[in-house]
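Subject: Handing over the two-chain model

Hello,

Here is the structure for you to look through. My notes follow below it.

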2 protein chains.
Amino acid sequence: MRAALDAAAAAGRAGEVPVGAVVTRGDAMVAVGANAPRALSDPTAHAEIVAIRAAAAALGRDRLEDCDLWVTLEPCAMCAGAIAHARIRRLYYGAEDEKGGAVAHGPRFFTQPTCHHRPEVYAGIGEGEAAALLRGFFAARR
Amino acid sequence: MRAALDAAAAAGRAGEVPVGAVVTRGDAMVAVGANAPRALSDPTAHAEIVAIRAAAAALGRDRLEDCDLWVTLEPCAMCAGAIAHARIRRLYYGAEDEKGGAVAHGPRFFTQPTCHHRPEVYAGIGEGEAAALLRGFFAARR
């Protein structure tokens, strides 16, 4: 989660909402992603999607059954769906997202009967620092 | 929808689940996408995501408020989320997806109170041909 928090801070310095993600496989980091929809002109470029795409490209396959995802914020519906498509084994996330989250809030995607893959979910990892980054970012823009 | 159906057929010939999508702006086609998670080693490479990313890149921005999306199959949660993030104005889709759909089925994403953007939705456009492509594809694999 340290690397995900560092990626989140880098996103914030670049003027993007500070969220970072890392895909790991065993003890190895396979890919790091920082939230970058504006920089990349890509509405899908959330940290999780960037990290999952990079990990899948690095491993040369579209399923990451042996990989885990670490992300500083509760995933939205788009990212929860991508996590299921990628067959991510374990999801670790930091701060809760009452507005846009889709794991513990809103559609609670992994609890839907139509959800075809449910990772193990661990919430609150690095939550304090992840939430502080987001609070600082939005306070500076007000 | 004709171009989306052609993209779906091309995906099927390439061994991918036959789904196609097109982003339009006024009368112009901005981008076409075909489902390609296997070919691209990218679990996020659904037709909608491919088309939305290409359209955003072509227009040089991450919001497509003035664009519409045409897709041959009801979008999943990942794609519905991406449609909301991209601020797509109108969504036209073909076949229903009882298993993985997230617009009229499962999480019904656009009806969730936490959904921050709801496109106008038109279902059943080109449904017969879209569903026949999918039936043919899965029948051939059994």
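**The annotated active site**

Glu48(A) sits in helix H3 (residues 47-59) of chain A. Helices here are DSSP runs of H or I with at least four residues, strands are runs of E with at least two, and both are numbered from the N terminus. Before going on, note that this is a predicted model: local features need pLDDT of at least 70, side-chain atom pairs count only at pLDDT 80 or more, and totals for chains, interfaces and linings use all residues. Residues are numbered from 1 along each chain as its sequence is written, chains are lettered from A and ligands numbered from 1 in the order written, and side-chain values use heavy atoms, without hydrogens or water.

UniProt lists Glu48(A) as "active site" in an unreviewed entry. Such annotations may be inferred rather than shown by experiment; the positions follow the numbering used here, and feature names are shortened. Is Glu48(A) buried or exposed? Glu48(A) counts as buried, because its relative accessibility is 4%. Buried means under 20% relative accessible area, exposed means over 50%, and partly exposed lies in between (1.4 Å probe, protein chains only).

What does Glu48(A) touch, leaving aside neighbours within four places in sequence? Its contacts (heavy atoms within 4.5 Å) include Ala21(A), Leu69(A), Val71(A) and Cys76(A).

The same record, also unreviewed, gives residues 1-104 of chain A as "domain: CMP/dCMP-type deaminase". That span is 37% helix and 24% strand, and its end C-alpha atoms lie 19 Å apart.

**Helix H5**

Helix H5 of chain A covers residues 127-141, 15 residues in total. From first C-alpha to last it reaches 22 Å, close to the expected 21 Å. The expected span is 1.5 Å times one less than the number of residues.

Ala130(A), Ala131(A), Leu134(A) and Phe137(A) are buried in H5(A). They lie on the same side of H5(A), because they cover an arc of only 125 degrees around the axis. The arc is taken from the directions from the helix axis to the C-beta atoms. Gly128(A), Arg135(A) and Ala140(A) are exposed on the other side. Helix H1 (2-13), strand E3 (68-73) and strand E4 (90-95) of chain A are among what covers the buried residues.

**Aromatic rings**

There are 8 aromatic pairs over all chains. Rings of Phe, Tyr and Trp (its six-membered ring) pair if their centres lie within 6.5 Å; planes under 30 degrees apart are stacked, over 60 edge-to-face, and the rest tilted. Trp70(B) and Tyr92(B) are stacked, at 3.8 Å centre to centre and 10 degrees between the planes. This pair links distant parts of the chain, strands E3 and E4 of chain B, 22 residues apart.

Tyr92(B) is buried at 14% relative accessible area. Its ring also stacks with that of Tyr122(B), with centres 5.1 Å apart and planes at 20 degrees. In chain A, ring pairs link Trp70(A), Tyr92(A) and Tyr122(A) into a cluster.

**The two copies**

A rotation of 180 degrees, with 0.0 Å of shift along its axis, superposes chain A on chain B (RMSD 0.0 Å). The copies are thus related as by a two-fold rotation axis. The superposition is by least squares on C-alpha atoms of residues with pLDDT of at least 70 in both. Met78(A) comes closest to the axis of the residues of chain A, at 1.8 Å (C-alpha).

Best wishes
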